Amino acid sequence: MGPDDAELGSLVERAQGGDEEAFARAYRLVQPGLLGYVRGLVGEDAEDVASDAWLEIARDLGRFRGDGPGFRGWTATIARHRALDHLRRQRRRPRTALLEQDLLDLPGGHDTAAAALETLSTEQTLALVRSLPPDQAEAVLLRVVVGLDGPATARVLGKRPGAVRTAGHRGLRRLAGLLAAAAEPPRRQRDGA
Amino acid sequence: MTQEPDADDDPAARPGTRPGIRADALCADPREALARAAFRAARDAGKHRALRTRRRDDWRPARVRGRAGRRPTRDGER
């Protein structure tokens, strides 16, 4: 459970009781990760798609049952459906599918990628994650950017937990390699510093 | 399909309701303001109480869901 999850659960409960300010605070806790996830799926249209998702979330809030992490999973599922609708309308594949496959041939590293990703800006993170195959990218986005655990990630994706765990591990290993390559400064610059 | 807030459902859009400055009028993020408007519309239309929980809306731990049993749903979700 993340540091904000207990607070989020309480805010959602109050929002379900009609407290608009609690809803707004829940929005502010969830929106950054949700927007990052949607951006990984649809690219530059992410703000519009996430906004559509929030209209549905606001309308259906009374249906939801669960705690703070559950709310992240529920909202991610709604956002995913809106993103897939958007992509169907656009008749194109997710951006993650369009990137250079050569990047994937970089050597793998260790499972320190998740920790390393936390030190990057959202934009840097998303740029790296988009370079993964779609199933790995989505698993990593849900784990690292939205903050879901393995079972919740599997539920959002409608897949078996084992398959999602494998995709997530492979994605993070790829990212570790990408991060290691990106972090290695040119020798001349390092000497001059 | 894009979900648009229904202006007819938004009590803030009706005359004579909720006078004074609303919190979202001061909100810097217009998308947050949209979400808040949708929240108010659903709440004031009673949707937050009327809509039933479907299986996909129940994110309680599996053991709790199991204890609660399978409630019948109206939405046709299997």
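Among contacts in chain B between residues at least 6 apart in sequence, what percentage join residues at least 24 apart?

Mentor: For chain B the answer is 44% of contacts between residues at least 6 apart in sequence, where a contact means that the C-beta atoms of two residues, placed from the backbone, lie within 7 Å.

Before going on, some ground rules. This is a predicted model, in which local features need pLDDT of at least 70 and side-chain atom pairs count only at pLDDT 80 or more, while totals for chains, interfaces and linings use all residues. Residues are numbered from 1 along each chain as its sequence is written, with chains lettered from A and ligands numbered from 1 in the order in which they are written.

Back to chain B. Its secondary structure is three helices and zero strands, running α-α-α from the N terminus. Of the 78 residues in chain B, 15% are buried. To be buried, a residue needs 20 or more other C-beta atoms within 10 Å of its own; 12 or fewer makes it exposed, anything in between partly exposed, and the C-beta atoms are placed from the backbone.

Then there's confidence. Chain B has a mean pLDDT of 70, and 49% of its residues reach 70 or more; pLDDT is the predictor's confidence in each residue, from 0 to 100.

In the model, 27 residues of chain B are in contact with 27 residues of chain A. On the chain B side, the elements giving two or more residues are α1 (30-44) and α2 (47-50). α1(B) gives the most, with ten residues. By class, that side of chain B has ten nonpolar, four polar and 13 charged residues. Ala, Val, Leu, Ile, Met, Phe, Trp, Tyr, Cys and Pro count as nonpolar, Asp, Glu, Lys and Arg as charged, and the others, Gly among them, as polar. For the complex the predictor gives an ipTM of 0.76 and a pTM of 0.73.

What does chain B sit against? Chain A has ten helices and zero strands, and 47% of its 193 residues count as buried. Its domain assignment gives domain 1 (1-92) and domain 2 (97-193), with bounds that come from an automatic or database assignment. Between the two, 13 residues of domain 1 are in contact with 15 residues of domain 2. On the domain 1 side, α2 (20-42) and α4 of chain A each supply at least two residues. That side has four nonpolar, six polar and three charged residues.

α4(A) is worth a stop, with A:Ile78 found in this helix (residues 68-90). A:Ile78 is buried, with 23 other C-beta atoms within 10 Å. Leaving aside neighbours within four places in sequence, A:Ile78 is in contact with A:Ala53, A:Glu56 and A:Ile57. A:Ile78 and A:Ala53 lie 25 residues apart in sequence but 6.0 Å apart in space, C-alpha to C-alpha.

Last, helix α7 (residues 134-146) of chain A: eleven of its 13 residues are buried, so α7(A) is largely enclosed by the rest of the structure. The buried ones include A:Ala137, A:Glu138, A:Leu141, A:Arg143 and A:Val146. Just after α7(A), A:Gly147 takes a positive phi of about 90 degrees.

Technical notes
Helices (H or I, at least four residues) and strands (E, at least two) are DSSP runs, numbered from the N terminus.
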